[in-house]
Every structure is written in C-alpha cells, then in structure tokens.
Amino acid sequence: MIGDPASAATILADGKFSLGYPRNGSGDEIDAHIRVQGWPLEDIRHAFGQDDWPVDGTVGLADLQLKGRYEGPFGAGKLRIDEGVAWGERFASATGDLVFEGTGLRIRSIELAKGAGAITGTALIGWDNTYSFNVTGERIGIESLDRFSFPTAPLTGVLRFTAKGTGTFDAPSYTFHGFIPDLYARDEGIGQVRGRLVVRDDLMTIEQLTVQDPRLSLTGGGTITLDDRALANLRYSFLNSSLDPYLKFYAPKMSPYTRIIASGSVAITGPLTDRTQLKVDASVDETTVTLLDYNLKNDGEVRLSFVGNAFKIDQLHLAGQDTKLDISGGIDAGEERISLVVTGEANLAILQLFSRELAGKGAAGVAGRL
C-alpha cells in the first residue's frame, strides 16, 4: 500500500510486479489488481506517459486489473474522477469503464456531470498521444460553461449537443453541433440558437450560427481563439431585429420607451474577455426608431462602432415627421456618459432617444450637444 496520511490518498496493489524494467524474454511485467482512491490524476497521467492529456482532477476511485507490459498493459476496470477539468471546462465528476488494449485505453459508458447536466459517450486514448471520442451532452447550463462567461451580459439557457473528434492532444481536432432552445443575456431573451463549430489546435471556427426569435434574426460565423483572451473575428447579418433590449447593457440611461428595429451586418474583432479592447463595427441598411408613437427612419446607410469601451456614431441621418437630423458622437460605456452632436430640425419627442431624463414636444431647429 502507498498512501499520504495527510490527504487520505491511497494506492493498494496486490499481484506480481517485475523488478527488472524492461523485462527481457517472455512473461508479464505486471499481473496485479490495483485500487486507487483520492489520488491526483496528474500522477496517474504521468505514470502512463500522458502528461499532455488535457484532463485533470482527483481520482476518486479506480479499480483496475492489469497485466502485460508496464507501458502497454492489458486489462479492465472502472474509474471515477472528482472535481475535474477537461479542455478548460470544470466538471463535478466523471465515471467510465476502462479497457486497456496494449496500445491504448478505451473508455466506455462515460458519464460526466456538468452543473445540472450530463455528458455521455465513449473515447479512445492511444499511448502515442492520439485520441478519438464521440459524446452527447444534455441539459448543460450555459451559465456553467467557463469558456462562455461574459460578465456584462451573463448568458443563461440549456444546451444540448453532440461532439466527436480524432487527433492528438497537442493538436486537438473535433466538431461540435449545439442547440439552445431559449438563450438569455441577463434578463433579455435572445431566442433559439443553433451552431456548428470546428476546433483545430487552439482555434475554434464557427462554421454556422443562427439565432431565431420573433424579435431577433441573426446568422453568421467566424473564429475565436481558445485561450485566456478569446480573440474573436466574427461576422454576422441581422434582419428586422430589435436592438434596443441589448443596447441597455452598454447604455443604461437610454430611454426605456425607445424601440429600434434594424437590418444590416456587424463585425466583431478583438478579445471577448476585455471589452475595453473589443471592436465592433455595424452597418445598418434599414432601421426604424420608435419613441412612444413617434417613428423615425434612417436616411442612408447607418454606420456604428464600439471601440475603446465606447459606442461611436460614424454616420447617422434620421428622418420623420417634422424631423431631419444629423447625429454624431458616442456613448462611453465605462463612464455611462453620452456625448452627442445633433443638428437639423426635429420633433422634440426625439430627445427621449438619448436619455430618459429628456422630454419635449413640438418642432424646433436643433444644434447642440448632449
């Protein structure tokens, strides 16, 4: 028995072990029953030469019967990993039936607990640093995903997916098909989301992502790096979509009576984990702004951007009853400050577009700053 009294980690072994390594001639180097409890997975990975395997945690229980060569054993057993991490995602526990095949390890009946959901499937790990897997996820809470955490607009919903891949641990490769029936950003509904993702090395390519909801229709794709910065290069188009529910995350002082429906495209570049370095460029072909019962439409293309943690209006011409305005400037999201230049003629009801604290009625010439 090998153990650590301070942590209650133990390894119990019963059987035959060769003292010579590697053993010359015929005969097994190992023919033993091994039971491991509470032991760091890192040590087990190292023992089998799998230091690059991107899974860590604690071996809650492993019960193995092994024989053959130390570096290529045959046998079977069961494994439970507690408080683990796989490919950067935490999980509560994972269990599986193990079959040692000499050249690698086959894992059957995988059951991995992630939040309130579960991931099931099979995997094959080769001692030559290769792998293959095929898994299905059900009832995975979006809020439990470590790689998709956005404090400004926390995502919630329930994900189901299938994923499969074949490759090496130092150059991972797999595909992912996911479906979220009802995704939320904070308390605002986004809608039904479907996506197909492909991971090659440390780059995730979103081959297709669609969002469908009565007030939001979006499609597109792009790439995101799988590192701490999550560098994005994304392109999406939207059609007759309500934008005002989501602008409030960055412009909380905007009037709650403002409604914005638009069609156009948006490009997102930079680190998703740091909005001060994130850049968003939007081009709007058609938009309707409603203030209570007062409507405005764009006169020409609208160009908007988000850079340096601030929204900027690069080109915006609005027209409506008693209104023809040119607007420029922006909204500082960090300081929650509006800085706009407005010129032209306007029905004063339009003031509510910029702040709930402004109100008016009637027509007037406008030349000023907000």
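Me: Between which strands is the loop that holds Asp227?
Reply: The model is predicted, so local features need pLDDT of at least 70 and side-chain atom pairs count only at pLDDT 80 or more, while totals for chains, interfaces and linings use all residues. Residues are numbered from 1 along each chain as its sequence is written, and side-chain values use heavy atoms, with hydrogens and water left out. Helices (H or I, at least four residues) and strands (E, at least two) are DSSP runs, numbered from the N terminus. On that numbering, the loop with Asp227 lies between strand S16 (216-225) and strand S17 (231-242).

Me: Is Asp227 buried, partly exposed or exposed?
Reply: Buried means under 20% relative accessible area, exposed means over 50%, and partly exposed is in between (1.4 Å probe, protein chains only). The relative accessibility of Asp227 is 39%. Asp227 therefore counts as partly exposed.

Me: What is the charge of the surface patch that includes Asp227 and Asp228?
Reply: Patches are made of residues with over 30% relative accessible area and no salt bridge, with like charges joined within 9 Å and nonpolar side chains (Val, Leu, Ile, Met, Phe, Trp, Tyr) within 5 Å. Lys and Arg count as positive and Asp and Glu as negative, while His and the chain ends are not counted; the place of a charge is NZ of Lys, CZ of Arg, CG of Asp or CD of Glu. Besides Asp227 and Asp228, the patch takes in Glu42, Asp43, Asp51, Asp52, Asp170, Asp201 and Asp202. The charge of this surface patch is negative.

Me: What is the phi of Asp201, another residue of that patch?
Reply: Asp201 sits in the loop between strand S14 (188-200) and strand S15 (203-213). With 41% relative accessibility, Asp201 is partly exposed. Its phi is positive although the residue is not glycine, with a value near 55°.

Me: Which strand holds Ser109, whose phi is also positive?
Reply: The phi of Ser109 is near 50°, again in a residue other than glycine. Ser109 is partly exposed, at 46% relative accessibility. Its place in the chain is within residues 104-114, which form strand S8.

Me: How many salt bridges does the model have?
Reply: Side chains of opposite charge can pair when their charged atoms come close. A salt bridge is counted here when a side-chain nitrogen of Lys or Arg is within 4 Å of a carboxyl oxygen of Asp or Glu. The count by this rule is 13.

Me: Why does the pair Lys324 and Asp299 tie together separate parts of the sequence?
Reply: The side chains of Lys324 and Asp299 meet in a salt bridge at 2.9 Å, N to O. Because Lys324 is in strand S23 (residues 323-332) and Asp299 is in the loop between strand S20 (294-298) and strand S21 (302-307), the parts tied together are 25 residues apart in sequence.

Me: Which residues does Arg160 contact, apart from neighbours within four places in sequence?
Reply: Arg160 is in strand S12 (residues 158-168) and is partly exposed, with a relative accessible area of 41%. Arg160 is 20 residues from Ile180 in sequence and 6.6 Å from it in space, C-alpha to C-alpha. Contact means heavy atoms within 4.5 Å. The contacts of Arg160 are Gly137, Glu138, His177, Gly178 and Phe179.

Me: Is Ser242 buried or exposed?
Reply: Ser242 is in strand S17. Leaving out neighbours within four places in sequence, Ser242 contacts Arg215, Ile260 and Ile261. With a relative accessible area of 14%, Ser242 is buried.

How values were computed: Areas by Shrake-Rupley, 256 points an atom, 1.4 Å probe, with all protein chains shown as cover.
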